[in-house]
Amino acid sequence: RMKCIDNSGSEAMKVEKREIELNELKVIEGLDVEQGILYCNGDDTYLEILRAFCEDWEESGKQIEDLFQKKDWKNYTVAVHGLKSALFSIGVNKISEMAKQLEFAGKENRMTCIEANHAEVIENDKSFFVKLTEIDWLCTSKEEVDEEDEVAESLSGNEFDKVISEMEMAAYSFDIDTLEK
């Protein structure tokens with residue numbers, strides 16, 4: 001006689017846990033969880049991408065702020081384009097739309113529009129991600145992050161543009177491996 005292990009209870013617990021997690025996210029103002037699940041090709045990938053956002057949002061915000069302070073409008077426009085796309089893909093439509101306006105202002109050389117609206121977009125983005133980081137199971141604290149992370153190399157403007165373009169293509173095709181690389 002063969003003995004079989006019944007894993008159905010374990011799988012049911014995973015599904016129940018995931019539902020509880022998604023329901024906790026659904027109460028966050030400004031987060032369209034269903035859109036995020038759709039654009040991230042499923043709830044597991046969605047939660048994985050949200051975790052990655054939790055880890056990277058502070059650095060991303062610093063980069064955009066630095067480009068703004070330097071008045072590096074070309075790279076600023078690229079960075080807010082990335083912010084816009086990333087926010088839209090996880091279901092943060094209001095802030096994504098605000099970032100889109102900054103992106104278009106950059107493309108159209110309307111720097112006074114950027115200067116007038118930058119702080120509001122960054123503050124809204126920060127406020128949203130602070131809400132996410134308060135969810136213990138979603139975002140790990142800085143102490144829990146491995147301190148042996150690689151230091152990123154500096155890129156020239158053309159190299160940076162190429163990397164951003166490749167990342168955008170990977171994001172639109174849900175190619176997580178390329179995005180992680």
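Trp73 and Tyr76 both belong to helix H4 (residues 73–90), where they stand three residues apart, about one turn of the helix. The model described here is predicted. Tyr76 has a relative accessibility of 0% and therefore counts as buried. Trp73 has a relative accessible area of 14%; because buried means under 20%, Trp73 is buried as well.

**Aromatic pairs**

The structure contains seven aromatic pairs. Among them is the pair formed by Trp73 and Tyr76, which is edge-to-face. Another edge-to-face pair joins Phe128 and Phe129, and both of these residues are buried. The geometry of the two pairs is set out below.

| Pair | Centre to centre | Between the planes | Arrangement |
|---|---|---|---|
| Trp73 and Tyr76 | 5.7 Å | 85° | edge-to-face |
| Phe128 and Phe129 | 4.9 Å | 80° | edge-to-face |

The angle of 85° between the planes of Trp73 and Tyr76 places this pair in the edge-to-face class because that class covers angles over 60 degrees. Phe128 and Phe129 also take part in a cluster, in which ring pairs link them with Phe53 and Trp57.

**The nonpolar core**

The largest nonpolar core comprises 41 residues. Leu25, Tyr46, Tyr76, Ile90, Phe128 and Leu132 are the residues with the most contacts inside this core. At least two core residues come from each of helix H1 (8–26), helix H2 (33–39), helix H3 (43–70), H4, helix H5 (93–107) and helix H6 (111–133). H3 provides the largest share, with 10 residues.

Which residues does Tyr46 contact, leaving aside its neighbours within four places in sequence? The partners of Tyr46 are Leu22, Leu25, Leu31, Asp32, Val33, Gly36, Ile37, Cys40 and Ile90. Two of these partners, Leu25 and Ile90, are also listed with Tyr46 among the residues with the most contacts inside the core.

**Packing of H4 against H7**

H4 also meets helix H7 (residues 157–172): the axes of the two helices come within 11 Å and cross at roughly 15°. Angles under 35 degrees count as roughly parallel, so H4 is roughly parallel to H7. The crossing of H4 past H7 is left-handed. On the H4 side, the residues involved are Lys74, Asn75, Val78, His81 and Ser85. Their counterparts in H7 are Phe160, Asp161, Ile164, Glu168 and Tyr172.

Key: Residues are numbered from 1 along each chain as its sequence is written. This is a predicted model: local features need pLDDT of at least 70, side-chain atom pairs count only at pLDDT 80 or more; totals for chains, interfaces and linings use all residues. Side-chain values use heavy atoms; hydrogens and water are left out. Rings of Phe, Tyr and Trp (its six-membered ring) pair if their centres lie within 6.5 Å; planes under 30 degrees apart count as stacked, over 60 as edge-to-face and the rest as tilted. Helices (H or I, at least four residues) and strands (E, at least two) are DSSP runs, numbered from the N terminus. Buried means under 20% relative accessible area, exposed over 50%, partly exposed in between (1.4 Å probe, protein chains only). A nonpolar core is a set of buried Ala, Val, Leu, Ile, Met, Phe, Trp, Tyr and Cys residues joined through side-chain atoms within 4.5 Å. Contact means heavy atoms within 4.5 Å. Axes are lines fitted to C-alpha atoms, for helices over the stretch in contact, and angles run from 0 to 180 degrees between N-to-C directions. Angles under 35 degrees count as roughly parallel, over 145 as roughly antiparallel, 65 to 115 as roughly perpendicular and the rest as oblique. A crossing is left-handed if the near helix is turned anticlockwise from the far one by less than a right angle, and right-handed if clockwise.
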